[in-house]
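Biologist: I am new to this model and would like to learn how to read it, one feature after another. Could you take me through it slowly?

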Amino acid sequence: MQISGITALVTGAASGLGAATASALAKQGASVIGLDLPRAVEANAGEDRPGIRMVGADVTSEEAVLAALSTIRDDDPPLRLAVNCAGIAPARRIISSKGAHELGLFEKTISINLIGTFNVLRLAAEVIAGTEPDDTGQRGLIVNTASVAAYEGQIGQIAYAASKGGVVAMTLPAARDLSRYGIRVNTIAPGIVDTPLLAALGEEVNASLAAGVPFPHRLARPDEYAQLVVMIAQHDYLNGETIRMDGALRMAPQ
């Protein structure tokens, strides 16, 4: 799929993986709609991000995502790509000094990471399905974000691992469902990525995490995630696949 001359939707676009992906797609010539929570969009309102139009929206809200999609004008390039990067990663054991794992926190994690991903997937797919296909019959692509925690969830990651495992499990049936419309669906499962959230843990913790990666001995960079999104978009035969991006890391229990 050609990235230049399309509209792309990226969630979680105010920071981290989403910000890197939005920038990479804009540099490739896409017109990018970046979704994030209204407060995150307002906090970054002064940034100069050519080719990216930021829109405040909660990915768990049907109305908010539909409103964001409605900002695509008739004279804009067709929506061909949606990338789900929005998510949270709380840490809580099933039983701890605080008592039993809060049901509300588990529900919130599933709501944002899994239901939010599905919400954007279904609504973006509906718009993409209404566009004209290219000469190969392809209309577009949806890329979701899981995590290696979907396979090797650590102690304290019960909610996060469950949500990301759901994203992995959706990938193949989503690709099969949408194949009749020429829409591909793939998922990226990153390992440990050097995002602002992780940087807040400090250099010592980050060095310890990097030491556990077989090779390269470092954390992944957000731009490497974005590079993989671009590659998936350009590789028309990748469909229904979850790709680990982890430096051969296999997470220990803790």
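Biologist: At what angle do helix 4 and helix 6 pack, and how far apart are their axes?

Modeller: Two packed helices are described by the angle between their axes and the distance between the axes. Helix 4 (residues 103–129) and helix 6 (residues 158–178) pack at an angle of about 20°, and their axes lie 8 Å apart. Helices (H or I, at least four residues) and strands (E, at least two) are DSSP runs, numbered from the N terminus. Axes are lines fitted to C-alpha atoms, for helices over the stretch in contact, and angles run from 0 to 180 degrees between N-to-C directions.

Biologist: Before we go on, what kind of model is this, and how are its residues and atoms treated?

Modeller: It is a predicted model, in which local features need pLDDT of at least 70 and side-chain atom pairs count only at pLDDT 80 or more, while totals for chains, interfaces and linings use all residues. Residues are numbered from 1 along each chain as its sequence is written, and side-chain values use heavy atoms, with hydrogens and water left out.

Biologist: How are helix 4 and helix 6 oriented to each other, roughly parallel or roughly antiparallel?

Modeller: Angles under 35 degrees count as roughly parallel, over 145 as roughly antiparallel, 65 to 115 as roughly perpendicular and the rest as oblique. Helix 4 and helix 6 are therefore roughly parallel to each other. Their crossing is right-handed; a crossing is right-handed if the near helix is turned clockwise from the far one by less than a right angle, and left-handed if anticlockwise. The contact (heavy atoms within 4.5 Å) involves residues of helix 4 including F106, T109, I110 and N113, and residues of helix 6 including I158, S163, V167 and M170.

Biologist: Is S163 buried or exposed?

Modeller: Buried means under 20% relative accessible area, exposed over 50%, and partly exposed in between (1.4 Å probe, protein chains only). S163, which belongs to helix 6, is buried, with a relative accessible area of 0%. Not counting residues up to four places away in sequence, S163 touches T109, I110, N113 and L114.

Biologist: Turning to the sheet, how many strands form it, and in what order?

Modeller: Two strands pair if DSSP finds at least two bridges between them. Here 7 strands form an open sheet in the order 3-2-1-4-7-8-9, with parallel pairing. Strand 3 (52–56) and strand 9 (242–245) are the edge strands, each pairing on one side only, and the twist averages 20° from one strand to the next. Helix 6 packs on this sheet, touching strand 7 (140–145), strand 8 (183–190) and strand 9, and its direction makes about 160° with that of strand 8. Helix 9 (residues 222–234) also packs on the sheet, where it touches strand 4, strand 7, strand 8 and strand 9, and its direction makes about 155° with that of strand 8.

Biologist: Why is strand 1 described as largely enclosed by the rest of the structure?

Modeller: Strand 1 (residues 7–11) has 5 of its 5 residues buried, so it is largely enclosed by the rest of the structure. T7, L9 and T11 point one way from the strand and A8 and V10 the other way, and all of them are buried.

Biologist: Which residues stand opposite A8 in strand 2 and in strand 4?

Modeller: A8 stands opposite V32 in strand 2 and opposite L81 in strand 4. Strand 1 pairs in the parallel sense with strand 2 (residues 31–36) over 5 bridges, and 4 bridges join strand 1 to strand 4 (residues 79–83), again with the strands running parallel.
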